[in-house]
Amino acid sequence: MAIVRTRSEKPMDDTAQKNLFVEVWTSFRNIPLWVQLWMVFWLVPINAASLLFWQEENGLWVALLANIAMLLNLPVMAYERRISRTMALPHLPFWTPLVVLILWMTPDLSTTYGVYLWVLAATNSLSLAFDYADAVRWFNGDRD
């Protein structure tokens, strides 16, 4: 079935025609290289790896808190069509309790799970330092 445009319809401008994925990807590629590498090769994989330990002590909570924070960034990116400071906001209510939970558990460094938990806590603590700073800037109106 062919689509026929009437005279009253205007063609979409170039911005509206851009693919969401292309816009987000372009935005991602415009952030500093070290942030791109941090996200792709460390932050996301370390949090996603929590799914490997879901059957361990508090493993389901760890996996939920680690991954929900990341998954909630998908609708943020889709809505804003870019990488922005808004993406820090979903991390705060999930990764903060996650780090507290891990510290409360005081994982045993003699187990793979224990080492993983300390690495996850350190990783997300560092991320949260940036996230809290970005959240303050976001609430003060600096949304880029």
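## Fold at a glance

Helices (H or I, at least four residues) and strands (E, at least two) are DSSP runs, numbered from the N terminus. By that definition the chain has 7 helices and 0 strands, and its pattern along the sequence reads α-α-α-α-α-α-α.

This is a predicted model, in which local features need pLDDT of at least 70 and side-chain atom pairs count only at pLDDT 80 or more, while totals for chains, interfaces and linings use all residues. Residues are numbered from 1 along each chain as its sequence is written, and side-chain values use heavy atoms, with hydrogens and water left out.

Of the 144 residues of the chain, 37% count as buried (under 20% relative accessible area, with exposed meaning over 50% and partly exposed in between, for a 1.4 Å probe and protein chains only). Take the contacts (heavy atoms within 4.5 Å) between residues at least 6 apart in sequence: 66% of them join residues at least 24 apart.

The predictor's confidence in each residue is given as pLDDT, from 0 to 100. The chain has a mean pLDDT of 90, with 88% of its residues at 70 or more. Residues 1-10 have pLDDT below 50, and this stretch has 2 contacts in the model beyond near neighbours in sequence.

Among the elements, confidence is lowest in helix H1 (residues 14-17), with a mean of 53, and highest in helix H6 (residues 92-105), at 98.

## The largest pocket

Rolling a probe the size of a water molecule over the atoms shows where empty space is left. Here the search runs on a 1 Å grid over the protein atoms alone: a cavity is a set of points where a 1.4 Å probe fits but cannot get out, whereas a pocket is an open set with protein on both sides within 12 Å along at least five of seven lines, and lining residues have an atom within 4 Å of a point. Grid points are joined across faces, edges and corners, and a volume is the space filled by probe spheres set on the points.

The largest pocket has a volume of about 970 Å³. Of the 34 residues that line this pocket, Ile31, Val35, Met39, Ile83 and Met87 are the closest to its centre. Helices H2, H3, H4, H5 and H7 each supply at least two lining residues, and H3 gives the most, with 7 residues. The lining divides into 23 nonpolar, 5 polar and 6 charged residues (Ala, Val, Leu, Ile, Met, Phe, Trp, Tyr, Cys and Pro count as nonpolar, Asp, Glu, Lys and Arg as charged, and the others, Gly among them, as polar).

## Salt bridges

Side chains of opposite charge can pair when their charged atoms come close. With a salt bridge taken as a side-chain nitrogen of Lys or Arg within 4 Å of a carboxyl oxygen of Asp or Glu, the count comes to 4. One of them joins glutamate 23 and arginine 81, at 2.9 Å from N to O. This pair links distant parts of the chain, 58 residues apart: glutamate 23 lies in helix H2 and arginine 81 in the loop between H5 and H6. Glutamate 23 is buried at 15% relative accessibility, whereas arginine 81 is partly exposed at 30%.

Arg85, Asp134, Arg137 and Asp142 are linked in a network of salt bridges. Arginine 137 pairs with aspartate 142, their closest N and O atoms being 2.9 Å apart.
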